[in-house]
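The sequence and structure come first.

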Amino acid sequence: MQPSLPSHHPLLGPDTAILAAQQQSASASFFHNQRTNTAHQDANSNAVLAPASGAMPFTVAPPQAHAPFDAGALAFDAAITNAPPGAPNKHTTYPYVTGTSVLAIKYKDGIMMAADTLGAYGATKRYKSISRIVPAAPTTLVGAGGEISDFQYISKLLTELNDNDVIRDDGVVLKPREVFAYLQRVMYNRRNKFDPLWNSLVVGGVDQATGEAFLGTCSMIGVSYTDSHVATGFGNHLARPLFRNEQRDDMTEQEARALLEKALRVCYYRDKNSINKFVIGTVTKESGMKVSEPFSLSTEWGYDAFVHPTKHALGSW
Amino acid sequence: MSTWSPYDMNGGTCVAVAGADYCIVAADTRLSTGFSILTREHTKVVTLSDACVLASAGFEGDRKQLHKVLGMRQQVFAHNHGGKPMSCPAMAQMLSNTLYFKRFFPYYTFNLLGGLDKSGKGAVYTYDAIGSYERTGYACQGSGQALIMPVLDNQLKSASPLLYPPVSSATPLTEAQAVDLVKDCFATAGERDIYTGDAVEIVVINRNGVRRETMPLKLD
């Protein structure tokens with residue numbers, strides 16, 4: 001069934017030949033009918049976003065009889081999703097471009113956070129200058145492993161949150177633990193929708209009022225905790241044993257940096273989805289928040305265990 | 001190809017013991033996933049009011065949400081009732097309702113609610129993940145349940161809830177004796193259960209209020 005196209009419809013151009021061809025090749029799915037209806041209402045009511053029902057802009061309006069058929073939208077969607085008409089919404093079922101571990105420790109002046117700058121496409125080192133440590137509030141850094149696009153979306157949420165504080169300009173800004181609480185709820189809520197944000201997040205910062213350092217981490221399903229040292233992904237296996245041995249809350253900046261570099265080096269040696277290009281972010285009460293320029297670490301690949309990886313591993317080949 | 005589950009099992013053990021005029025709620029502070037320890041200092045126990053303490057093991061994301069929800073409802077109730085907190089039996093029923101409300105996407109948490117009832121007697125409520133609950137004299141939930149429960153049964157065996165006229169299920173132990181027993185239970189479970197360890201947080205509720213103490217456990 002193809003509804004007739006009113007020639008005066010604002011969404012449809014004069015090129016009826018193309019439209020007719022598209023109509024023949026595509027059947028109107030439930031989903032696309034709905035989308036078309038929303039657009040139709042918008043155009044008729046001159047409302048830019050909200051459907052006439054008064055529902056939220058991103059809800060789909062109920063189907064309407066004799067709705068015009070937006071062939072353009074259908075062709076476009078089919079082209080990018082390759083989904084059959086009427087297919088259900090697809091959620092993220094696996095990540096595409098991913099970042100690996102984020103490491104962070106508390107030290108005397110505040111917190112220090114480190115990560116490499118790789119966005120890997122599977123096993124391909126695809127994007128080599130992606131900053132995975134970003135400022136989230138005046139004294140809060142957020143670092144992320146996992147799906148880069150999801151993290152960029154989270155960064156956008158945090159920017160908006162922070163902009164509101166800037167606009168209000170009353171001196172009230174988000175504390176690290178408030179950013180952490182917010183991100184926990186965001187991650188958990190998306191998990192509840194079975195549409196997770198595919199990230200492990202690290203939140204670190206200093207409470208400006210008390211000078212107290214804060215460090216927390218949250219997984220894609222909302223498992224979260226605070227500690228004196230945290231690490232996501234491989235870092236939880238490779239870096240945290242080092243942290244458990246050597247991290248102290250009263251260590252100096254030099255000691256903290258040396259420890260993080262040691263941990264980064266171990267992660268780089270053993271994690272194939274990492275590169276030798278890192279950033280380190282710090283938050284301190286005195287000098288605020290800094291994210292370093294990218295740097296690399298010296299490496300030594302001549303170790304016997306690297307040259308002969310199976311020499312001491314009996315039963316392996 | 002990696003896939004995902006909305007649930008994780010983060011381990012943990014909770015024990016609660018009700019006495020004639022006190023209640024003990026305890027939980028270890030280890031947070032684990034698989035064979036990894038995420039952190040060694042993570043509280044699973046929330047003090048909802050002067051009469052009510054909740055401890056939960058299971059999935060940490062759900063645990064946090066559940067504790068937030070109950071804390072919030074408790075606060076709203078107090079605001080609506082001149083600062084008077086919800087009674088422990090009322091909180092017990094509400095926890096059951098809250099769990100059952102998510103019957104088809106459950107909170108993966110194993111809960112113990114402890115406190116004092118209106119007569120000041122210790123009360124322990126034990127739950128499953130979807131809200132079935134029962135008032136008992138003592139209970140154990142979480143990853144160390146199978147290791148601790150028989151010890152509690154042996155040491156505390158309380159009157160059957162089927163008896164008529166009803167007999168108090170509260171343990172005859174003194175508060176100090178019961179705290180010692182709880183400590184022993186956790187030390188024991190920590191020897192065999194990899195998800196129990198690091199420290200045990202013991203919360204004691206009596207007519208003087210709520211007291212929290214911590215005892216270190218083995219870190220292995």
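A residue is called buried when its relative accessible area is under 20%, exposed when it is over 50%, and partly exposed in between, using a 1.4 Å probe and protein chains only. By that scale E213(B), at 23% relative accessibility, is partly exposed. The model is predicted, so local features need pLDDT of at least 70 and side-chain atom pairs count only at pLDDT 80 or more, while totals for chains, interfaces and linings use all residues. Residues are numbered from 1 along each chain as its sequence is written, chains are lettered from A and ligands numbered from 1 in the order in which they are written, and side-chain values use heavy atoms, with hydrogens and water left out.

**Interface of chains A and B**

- Chain A brings 25 residues to the contact and chain B brings 26 residues, where contact means heavy atoms within 4.5 Å.
- About 2,000 Å² is buried between chain A and chain B, and carbon and sulfur atoms give 55% of that area. Buried area is the accessible area (1.4 Å probe) that two parts lose on being put together, summed over both.
- One salt bridge is found across the interface, a salt bridge being a side-chain nitrogen of Lys or Arg within 4 Å of a carboxyl oxygen of Asp or Glu.
- D62(B) and R191(A) meet through their side chains in a salt bridge, at 3.4 Å from N to O.
- On the side of chain A that touches chain B, two or more residues come from each of α5 (176–192), β10 (224–226), α6 (234–238) and α7 (240–246) of chain A. Helices (H or I, at least four residues) and strands (E, at least two) are DSSP runs, numbered from the N terminus.
- α5(A) gives the most to that side, with five residues.

**Nonpolar cores**

- The largest nonpolar core has 62 residues, of which V142(A), V179(A) and L113(B) touch the most other members. Such a core is a set of buried Ala, Val, Leu, Ile, Met, Phe, Trp, Tyr and Cys residues joined through side-chain atoms within 4.5 Å.
- Neighbours within four places in sequence aside, V179(A) is in contact with A136(A), A137(A), T140(A), V142(A), L158(A), L174(A) and V203(A).
- A second, separate core of 22 residues includes V15(B), I148(B), C185(B) and I202(B).

**Salt bridges**

- The count over all chains comes to 23 salt bridges.
- In chain A, E261(A) pairs with R257(A), the closest N and O atoms being 2.9 Å apart. The two are four residues apart in helix α8 (residues 253–270) of chain A, which means that about one helical turn separates them.
- R257(A) is partly exposed, its relative accessible area being 29%.
- In chain B, K218(B) and E191(B) form a salt bridge at 3.4 Å, N to O. K218(B) lies in the segment after β12 (209–216) of chain B and E191(B) in helix α4 (residues 175–192) of chain B, so the pair ties together parts 27 residues apart in sequence.
- K218(B) is partly exposed, at 45% relative accessibility.
- R211(B) and E213(B) meet in a salt bridge at 3.3 Å, N to O, and R211(B) is partly exposed with a relative accessible area of 37%.
- E175(B), K183(B), R211(B) and E213(B) are joined into one network by salt bridges that share partners.

**Helix α1 of chain B**

- Helix α1 (residues 60–80) of chain B has 21 residues, which should span 30 Å at 1.5 Å a residue; its end C-alpha atoms are 30 Å apart, in agreement. The expected span is 1.5 Å times one less than the number of residues.
- The buried residues of α1(B) include D62(B), L66(B), V69(B), L70(B) and A78(B).

**Two loop sites**

- T117(A) sits in the loop between β3 (110–116) and β4 (119–121) of chain A, and is buried with a relative accessible area of 2%.
- The side chain of T117(A) reaches the backbone oxygen of K128(A) at 2.7 Å.
- G120(B) lies in the loop between β7 (109–116) and β8 (122–127) of chain B, and is partly exposed with a relative accessible area of 27%.
- Residues up to four places away in sequence not counted, G120(B) touches A20(B) and D21(B).

Methods:
Polar contact = N/O pair within 3.5 Å; in protein donor to acceptor, adjacent residues only side chain to side chain.
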